[in-house]
Amino acid sequence: MISQVRSGRSRRAGGAQSGGDVVVVGPGALAAALTTAWDGPVRTLDALPEREPATALAGARVLVLVAHPGDLATLVARGPADEVAATIAQAQRTLSAARDAGVAHVVVVTSAVVHGAWLDRPVIHDGDDLHHPDEADRGGLVGGLLGVEAVVARASRRRTPLLTVLRPAALVGPGIDTFVTRHFEAPRLLTVRGAVRTWQFVHVDDVAAAARFAVDHGLTGPLTVGAPDVLTPAQVEAASGMRRIELAATTAFGTAERLHRVGVLPAPASELAYVVYPWTVASDGLVSAGWEARWSSAACLDVLLEGVQGRLGVAGRRVGARDAAALGAAGAAVALIGTAAVWRQARGRRRT
């Protein structure tokens, strides 16, 4: 467990100040970004200790719990099932400790993937129902986040502390490594026939600003967080310089499911939906209260592309990295299916 004290600075002019210490719980780049939004002392912990966890929160007024795994390699290395169980247990321990320590406001960062993605999916609003995957699909990233959401829902029945859940769109930023960012490491952009996959992103700095904004304005409940603009497939292809591979949905998901069954893909094939179908968010509550994202989706895509430059995910692994972890369900399926499709096309041309 790593404990640090950092001095944050506000990214928002004016507004109420958050008195008392802020504690950010969670490892990785997203947790690091969430320390930058505050004026006062910020303590960071990879996780709360199992024994006397409330002691670690002594003096804290605000707690930010990062449930969103912004580091896919770590998740895969530990094993998705173990990571899911650990994430849910951490949420239970942290929320209980926050109540015992008298923390005034808790912000939990999950992801908008909890709302699901499918063909012609409408824009996601704060109050929309959560996605309920089949039993076989609950062992991956989405299942873990839904487990955390269930923990938060139970905790919200109590009067204290105040509880806010941030559900960001596809994250980008320094050090962010997710199945969406790895989608852009593959040889081709996988598309599903008949689907128009629009793209929306959100920068980790805007997620941090949203957390601070929610606390300063006393916003509670679920809040989606995303950039205001949405990119078309043509805009994404032009910006990335990547060609696309179009497959039937049955082919894409069927292949991913077979790979998952034999252990090549650690996460359920259903998570492929989040790179081939849209899941755009409206940011209703934040925008109506006056919050504005500083980063557009177009600018976020530039950050993403710069971050993956020189990387290549093929056959479920990052080429060139000796100990690279297998890609998540979406990224691996893109690499494996997309590359296989290219090879099939090439063989077909050689035969003719």
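Where is the place of histidine 115? Histidine 115 belongs to the loop between strand E5 (105–109) and helix H4 (141–155); helices (H or I, at least four residues) and strands (E, at least two) are DSSP runs, numbered from the N terminus. This is a predicted model, in which local features need pLDDT of at least 70 and side-chain atom pairs count only at pLDDT 80 or more, while totals for chains, interfaces and linings use all residues. Residues are numbered from 1 along each chain as its sequence is written, and side-chain values use heavy atoms, with hydrogens and water left out.

**Around histidine 115**

With a relative accessibility of 1%, histidine 115 counts as buried (under 20% relative accessible area; exposed is over 50% and partly exposed in between, with a 1.4 Å probe and protein chains only). Its side chain makes a polar contact with the side chain of arginine 167, at 3.1 Å. Such a contact is a pair of N or O atoms within 3.5 Å; within protein, one must be able to donate a hydrogen and the other to accept it, and residues adjacent in sequence count only if both atoms are side-chain atoms. Leaving aside neighbours within four places in sequence, histidine 115 is in contact (heavy atoms within 4.5 Å) with residues including Arg121, His125, Asp126, His131 and Thr224.

**Aromatic rings**

A search of the whole structure finds 5 aromatic pairs. Rings of Phe, Tyr and Trp (its six-membered ring) pair if their centres lie within 6.5 Å; planes under 30 degrees apart count as stacked, over 60 as edge-to-face and the rest as tilted. Here are two of the pairs:

| Pair | Centre distance | Plane angle | Class |
|---|---|---|---|
| Phenylalanine 179 and tyrosine 274 | 6.1 Å | 35° | tilted |
| Phenylalanine 253 and tyrosine 277 | 6.0 Å | 20° | stacked |

Ring pairs link Phe179, Tyr274 and Trp279 into a cluster.

Charges meet rings too. The charged end of arginine 121 sits over the ring of tryptophan 118, 4.2 Å from its centre, and arginine 197 lies over the face of tryptophan 199, at 3.6 Å from the ring centre. This needs NZ of Lys or CZ of Arg within 6 Å of the ring centre and within 35 degrees of the ring normal.

**Core and strands**

Trp279 is among the residues that touch the most other members of the largest nonpolar core, which has 97 residues. A nonpolar core is a set of buried Ala, Val, Leu, Ile, Met, Phe, Trp, Tyr and Cys residues joined through side-chain atoms within 4.5 Å. Helix H6 (residues 204–216) gives the largest share of this core, 9 residues.

In strand E8 (residues 189–192), Leu189 and Thr191 point one way and Leu190 and Val192 the other way, and all are buried. E8 pairs with strand E11 (residues 244–247) in the parallel sense over 4 bridges, where pairing takes at least two DSSP bridges. Leucine 190 stands opposite isoleucine 245 in E11.

**Backbone details**

The peptide bond from threonine 160 to proline 161 is cis, with omega near -5°. Aspartate 120, in the loop between E5 and H4, has a positive phi of about 60° although it is not a glycine.
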